[in-house]
Amino acid sequence: MSSISAQGVVERASAELSKRINGLGLRSKHHHSSTSGGAGGAGDAASPAGATPTPAAPSGKTSVMERVTNALCGGGNSNSNSGSNSSNSNTSSAAATAATSPASNANPPQTPDKPSRGSSPSPGGITMPGGQSQVQNSTHHLLQQQQQQQQHMQLQQSQQQHLQLQASTLINSNHHVMVGPVPPTGMPLGAPPTPTVKSIAKQMNITIPGGGVNPGSPTFSTMGMVAAQKAAASAGGTPLQLRKQLPNPHLHHPYGSMGISTASPLIMQHQLHPPPIHSIEQLMLDVRFLSRFFQYFSPYERRILAQVCIKWRDTLYRSPRYWSGLLPTLQCRELRQMPGCDRGKLYNSLIRRGFHALGLVGASDEDALDVVHSFPLAAKHVHSLSLRCSSISDRGLETLLDHLQSLFELELAGCNEVTEAGLWACLTPRIVSLSLADCINIADEAVGAVAQLLPSLYEFSLQAYHVTDAALGYFSPKQSHSLSILRLQSCWELTNHGIVNIVHSLPHLTVLSLSGCSKLTDDGVELIAENLQKLRALDLSWCPRITDASLEYIACDLNQLEELTLDRCVHITDIGVGYISTMLSLTALFLRWCSQVRDFGLQHLCSMRNLQVLSLAGCPLLTSSGLSSLIQLRHLQELELTNCPGASHELFDYLKEHLPRCLIIE
């Protein structure tokens with residue numbers, strides 16, 4: 001009897017359990033169809049902040065174990081709303097205290113930074129490991145448990161982010177903190193932010209809250225390391241995708257190179273939190289922000305920024321990298337009106353900014369003496385000197401060069417008071433680069449002084465209308481191995497006989513410019529091609545006597561030539577362009593104002609697969625049809641088509657579409 005009674009109880013219990021499980025499945029299905037997103041939002045909220053969220057099932061079904069647990073806990077006797085509560089009872093304590101209103105469910109799920117303490121706990125209670133549900137009646141005990149779980153989650157998050165930072169030191173800005181939605185359209189993954197004050201502040205993990213102390217005025221507060229890591233974790237993307245954001249130095253986190261400690265959060269907050277920023281004025285005076293902010297400007301624009309205030313000036317003067325590529329040029333007429341102490345401060349600021357070059361415009365002998373007395377640091381720090389449009393004499397130039405003991409580069413342009421005797425007196429063997437332009441007293445003897453006094457000369461540029469072939473005879477085997485760059489521009493008296501002296505005395509030239517040497521002919525170019533086969537750059541612009549024969553010599557013998565300039569060579573035709581097209585080493589070609597080049601010549605150029613820079617400015621016979629064939633030059637980086645009658649807006653659009661990496665100069 002007892003066995004029959006026990007068997008009956010088991011059967012009735014099994015039937016009742018199956019009935020409740022099936023009924024729970026039906027109610028759960030109807031509940032998910034009517035309130036889509038409720039259980040999914042709770043599931044997302046239950047996942048830790050640093051973990052990857054598990055997507056909810058599309059059909060809204062729950063697992064068998066969840067149904068059995070709910071049935072054993074009496075969930076089957078509740079109404080339809082209890083199905084939602086029972087599903088929510090599987091969440092953690094952090095999700096139990098989060099507000100789950102229908103309006104919030106409509107938004108994409110977020111990974112909460114911190115559980116909200118203002119919302120009421122879920123009526124379903126908290127699911128314990130043993131599978132039993134206990135309702136927390138004490139609010140104090142509930143908040144204490146939430147705090148413990150939060151600290152545990154932060155510790156796990158710090159460990160995970162430490163591994164991520166080892167793979168990539170780039171910390172993305174706190175733009176897409178939400179897990180679910182994709183980035184906005186028009187912003188591809190890895191695209192740099194818009195260079196605004198707000199975006200730069202975000203790149204430095206400085207957030208701008210919506211409200212402030214005064215209504216309508218923004219306030220600023222700095223993010224901690226944990227918030228920066230959370231933003232990086234939720235932004236998505238692999239370390240390789242994050243590295244694609246380079247070169248953008250402002251994307252590097254200011255503390256990215258520091259190790260992440262798993263010690264007390266208070267210690268981390270004290271060590272890693274920057275001082276708070278509460279106003280836009282404080283932000284614009286923050287050194288960390290300014291160091292990123294100034295990188296969005298060119299060195300030329302930073303000159304103006306240095307005049308805004310003392311803080312900006314000191315920040316810009318602190319790093320020489322802000323001024324790379326600039327030549328500080330001083331107007332001596334303005335320097336004379338400044339007090340002596342101010343001139344000394346100006347000279348010292350050049351050293352602070354890391355300048356090793358100095359340019360003086362309109363200098364006289366008195367200005368040269370002032371530089372000697374007011375700028376004593378120039379003796380060791382100035383390596384390059386440029387004097388332009390100056391009335392300095394031989395005596396002043398000698399005094400100045402004696403003071404600059406570290407000088408190895410000198411430029412004299414428009415210094416009409418300097419004579420050949422002055423060059424003989426002041427040139428020192430340590431000079432390796434010399435440029436003489438528009439100095440009316442410079443003639444053949446000056447070239448003799450250069451050849452005799454500068455045995456280590458590497459680069460020599462000369463623009464003098466009175467220099468003859470005899471001047472080039474002063475070059476001797478002393479410069480045969482040192483002199484590599486020679487520029488003879490607008491030397492109108494230079495002929496093929498001077499070319500003979502060049503090729504015999506300087507056989508190791510790599511750069512040669514004969515621009516404006518109007519008496520040069522094809523025979524002189526033949527001498528160059530046969531004897532200077534190490535040339536990598538050749539400039540024959542404004543040489544009107546050169547024909548297609550010269551281009552044949554160049555194409556046959558100069559196999560290492562990379563850059564060729566033929567501007568204003570009016571006798572060059574498509575035949576000469578055909579010769580040039582056989583030069584596989586050529587990467588830059590300039591054919592400005594070559595009036596006889598036609599579309600047929602462009603067809604030859606299309607076979608030059610290594611060509612990167614091409615200039616066809618001012619070629620009047622080129623048509624739109626011929627220019628459109630240039631899209632075959634896939635490696636082209638710069639194309640100049642200014643003053644071309646055959647170029648139209650439609651052509652430019654066509655070229656930009658098919659050559660997206662090429663700069664089209666219209």
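**Exercise 1. Which residues of helix H30 (residues 649-658) are buried?**

Before we start, a word on the model: it is predicted, so local features need pLDDT of at least 70, side-chain atom pairs count only at pLDDT 80 or more, and totals for chains, interfaces and linings use all residues. Residues are numbered from 1 along each chain as its sequence is written, and side-chain values use heavy atoms, with hydrogens and water left out.

*Solution.* 
- Step 1: apply the cut-offs: buried is under 20% relative accessible area, exposed is over 50%, and partly exposed is in between (1.4 Å probe, protein chains only).
- Step 2: helices (H or I, at least four residues) and strands (E, at least two) are DSSP runs, numbered from the N terminus.
- Step 3: in H30, Leu651, Phe652 and Leu655 are the buried residues. They lie on the same side of H30, because their arc around the axis is only 100 degrees (taken from the directions from the helix axis to the C-beta atoms).

**Exercise 2. Describe the surroundings of Asn531.**

*Solution.* 
- Step 1: find Asn531 in helix H25 (residues 522-531).
- Step 2: Asn531 counts as partly exposed because its relative accessibility is 33%.
- Step 3: setting aside neighbours within four places in sequence, Asn531 contacts Val503 and Pro507. Val503 is 28 residues apart from Asn531 along the chain, with 6.0 Å between their C-alpha atoms.
- Step 4: look at the side chain of Asn531, which reaches the backbone oxygen of Leu527 at 2.8 Å.

**Exercise 3. Work out how strand E6 (residues 357-361) is placed between its partners.**

*Solution.* 
- Step 1: five of the five residues of E6 are buried.
- Step 2: sort them by direction: Ala357, Gly359 and Val361 point one way, while Leu358 and Leu360 point the other way.
- Step 3: strands pair if DSSP finds at least two bridges between them. Strand E5 (residues 329-331) runs parallel to E6, joined by three bridges, and Thr329 stands opposite Gly359.
- Step 4: E6 is also parallel to strand E7 (residues 384-388), with five bridges; Ala357 has Ser384 as its bridge partner there.

Notes. Contact = heavy atoms within 4.5 Å. Polar contact = N/O pair within 3.5 Å; in protein donor to acceptor, adjacent residues only side chain to side chain.
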